[in-house]
Amino acid sequence: MSESIRHDKISVRQIMRDLRELSVRDLTPEARLDKIVALVARKMRVDVCSCYIARPGDILELCATFGLDKRAVHETFLRVGEGLVGEIALQRKPLMFEDAWAHSSFVYKPETKEKAFKSLAGVPLIRSNKLLGVLAVQTRKKQPFSDEVIEILETIGLVVAEMLSSHLFKKAETVLAQTTGRQKIEGTGLISGFAVGRAVIHKRLEQPVQLLAKDTQKEVQRLLQALSQVEQEVNKILATSHMTGSQSDIFETYLMFIKDKGWIAKMTKAIETGLTAEAAVQKVGEEVTDRMELMTDPYIKERIHDLQDLVSRVMRHLHRRAKKAKHGRKMPHNTILVAQSMGPAELMDYDLKKIKGIVLEEGSQTMHMVIVTRSMNIPLICGIKNVTEIISNGDSIALDATNGNVYLNPSDDTLDLLSEQANRQRRLRAKYTQMKDLPAITLDEVPVSLNINAGLSQDLTAGNLPYDGIGLYRTELPFMLTEQLPNAKTQTDIYRRVLIQAKDKPVIFRTLDIGSDKVLPYFRHQAEENPAMGWRSIRMTLDRRALLRNQLRAFLRAAAGRDLSIMFPMIATVPEFREAKKTLMMEIEQEQARGGRLPKSIRIGSMLEVPSLIFQLETLLPEVDFISIGTNDLTQFLYASDRGNPTIWNRYDPLSPAFLRVLKYVVEICRKAHVPCSVCGEMAGRPLEAMTLIGLGYQSLSMNPTSLGAVKAMVRSVNQRELSDYLNQQLSLSVDSLREQLRIFALDHGIFIG
Ligand code: PEP
Ligand code: MG
């Protein structure tokens, strides 16, 4: 047998010291990675050390090497499962191959010039359960790697994985790409999908040319005329684009702004100080923006984009350039719109058929423009700083909004990869459509009820697939789109529309869950240190009883003669639930007393999101008609881990035995009490997690409508009994997560997990 590498000649301590030193040096990510692989090769006394980084779509990209041809860096790609490095990634465990070439999985990549190297060992780079890449070493001589050497490599792998996921490499892609002339820029995908096209930079109007005017009267006239032209323009958008309720509400708000007397008075006053109409619009626009920027309320901050859109629109008319502002003629047919920020009306200025994707510096899920874009299904990425400076007009762009990546001047490999992913997504969609009339039933015939979470009218049709009901209607979402608290009549109309759109399917209306990150502009909150655990949700509506009563009345009236289900969020104690239920009972009595037509049936449920309620279920269950588990909040409170904090939000896995044991306890106690129990947190919409819930005994899930297809495909490929037996054995393990075990179970049993 050939001689193995002498582990006693390797000083792990020294390697750790050197790695630590590298982590504090001021290096570009690429230089840091180069130094890491050189260090490992030298200290491990091997001829080659290479680092492959995991890319979306189960791809590994060679990002640094010591020993292989450096020209292969960013040119060599392997699929997870392809070649020996791919095998290490697939199996997620260290592997060593004394005679790499003799192995059936070996794949030769000529550009690496690796012909000279005979043996290979590698470790997966994993952090928080996520595969980040593979660290591989190779030797010229054919030789085994002892267990001790593999252990050393594993320790190094742990540190490298830690470094890769830290701030040291956060912007790695941008820097790495600068050397290749290409860039991958990471943002946040808000509307998933893929797109390839040419950049069109959206710019707002520049500074006004003339600041001062003599004829004040004339300037006021110009201002009023421009405002009226904008009004006509917005009315035209409203009349010609077929918008749903929530979209048109946004433009109605624009109209209110245009006609706002306070705003007009401020501009007129500015003109009276001697400014031109343009300068006045700009001055007042900036003042309002500055004031809005000082507010901590995210809703108000998002309205800044709408205001800026409006200001720039008025300015264009003042410059008599409104016609030119129509961008249609200059746009390529495959436009990727790039903007610092944008209002929905600005978006409407473009020929929407030509927009294949959007990249924004500023954006969030609840921003109006994003809401409008979502219903048009245009992939959108936000959160890229200085994006309009990084990207220029006409640049070639590939967008992977599913993973939040923008590729600037992408390589052919990247394009192939993305188009493959886009094709895969298309194939999957076709598969889901084919299944649409088939029942959601497991292989051993356990039926699973698939419901959707909704809140905006487009949610009801977003997945384009059938569903059993609306398992969670988040009533706070329509409230967020209005400028003032909707009165009982407006609310009744909103809820009635939902019931009509849902046809005969059951709808579970949740009472207002405001507070924390969901703030209403017209509902002032005091600043709180911990708003997620503060005065929110049922705590607030029980204190503001009129608000709750108004809403309950609206539910009752909207569902007159129909079935009605209502649930209360963030219930922490049984008396809290009783108080909420008592309020509903009073409203029912009042409706009856005034001769109003009541719903045919009324079911009253509680959300389970606060851990304290778990220990009160025995008392609570006899008093509720159903339970719905909000796993988003339940995990955050069980693990004391803020769901909105990017540094820690995925530190604890809902697939940990601890959390799963809680879920199992709940489903079992509910079953014994004959109380239906479902899950409506994000977890229910992810195939692997949904599979696990089914294994625990859940038969009702409520999810984002776009998850319906994948979850149904999973349900139809799983055997509940087998999975449940397997899961029961795993639940006693003392590990951070069962994700890997469950993933392998799914793969071994042919269960579709996306
Ligand atoms: C949850 O907490 O899981 C839930 C469904 O409610 P929301 O996400 O609206 O807080
Ligand atoms: Mg919640």
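Arg222 and Glu219 are both buried. The two residues form a salt bridge in this predicted model, with 2.8 Å between the closest N and O atoms. Because Arg222 and Glu219 are three residues apart in helix H7 (residues 216–240), about one helical turn separates them. In total, the structure holds 33 salt bridges.

**Other salt bridges**

- Side chains of opposite charge can pair when their charged atoms come close.
- A salt bridge joins Arg496 to Asp493, and their closest N and O atoms are 3.6 Å apart.
- Arg496 and Asp493 are both in helix H18, where three residues, or about one turn of the helix, separate them.
- Arg496 has a relative accessible area of 33%, so this residue is partly exposed.
- Asp493 is also partly exposed, because its relative accessible area is 26%.
- Arg536 forms a salt bridge with Asp633, with the closest N and O atoms 3.5 Å apart.
- This pair links distant parts of the chain, 97 residues apart: Arg536 is in the loop between strand S17 (507–510) and helix H19 (537–543), while Asp633 is in helix H23 (residues 631–638).
- Arg536 is buried, with a relative accessible area of 3%, and Asp633 counts as buried at 3% relative accessibility.
- Salt bridges link Arg536 and Asp633 into a network with Glu476, Arg510 and Asp513.

**Aromatic pairs**

- The structure holds 10 aromatic pairs.
- One of them is formed by Tyr495 and Phe555, which are tilted, with 4.8 Å from centre to centre and 45 degrees between the planes.
- Tyr495 lies in helix H18 (residues 488–501) and Phe555 in helix H20 (residues 545–558), so the pair links distant parts of the chain, 60 residues apart.
- Tyr495 is buried, with a relative accessible area of 0%, and Phe555 counts as buried at 0% relative accessibility.
- Tyr726 and Phe745 form a stacked pair, 4.6 Å from centre to centre, with 25 degrees between the planes.
- This pair also links distant parts of the chain: Tyr726 is in helix H27 (residues 720–730) and Phe745 is in helix H28 (residues 739–748), 19 residues apart.
- Tyr726 and Phe745 are both buried.

**Ring cluster and a charge over a ring**

- Ring pairs connect Tyr495 and Phe555 with Tyr473 and Phe509 in a cluster.
- Lys505 has its charged end over the ring of Tyr467, 4.4 Å from the ring centre.

How values were computed. Residues are numbered from 1 along each chain as its sequence is written. Chains are lettered from A and ligands numbered from 1 in the order in which they are written. This is a predicted model: local features need pLDDT of at least 70, side-chain atom pairs count only at pLDDT 80 or more; totals for chains, interfaces and linings use all residues. Side-chain values use heavy atoms; hydrogens and water are left out. Rings of Phe, Tyr and Trp (its six-membered ring) pair if their centres lie within 6.5 Å; planes under 30 degrees apart count as stacked, over 60 as edge-to-face and the rest as tilted. Helices (H or I, at least four residues) and strands (E, at least two) are DSSP runs, numbered from the N terminus. Buried means under 20% relative accessible area, exposed over 50%, partly exposed in between (1.4 Å probe, protein chains only). A charge sits over a ring if NZ of Lys or CZ of Arg is within 6 Å of the ring centre and within 35 degrees of the ring normal. A salt bridge is a side-chain nitrogen of Lys or Arg within 4 Å of a carboxyl oxygen of Asp or Glu.
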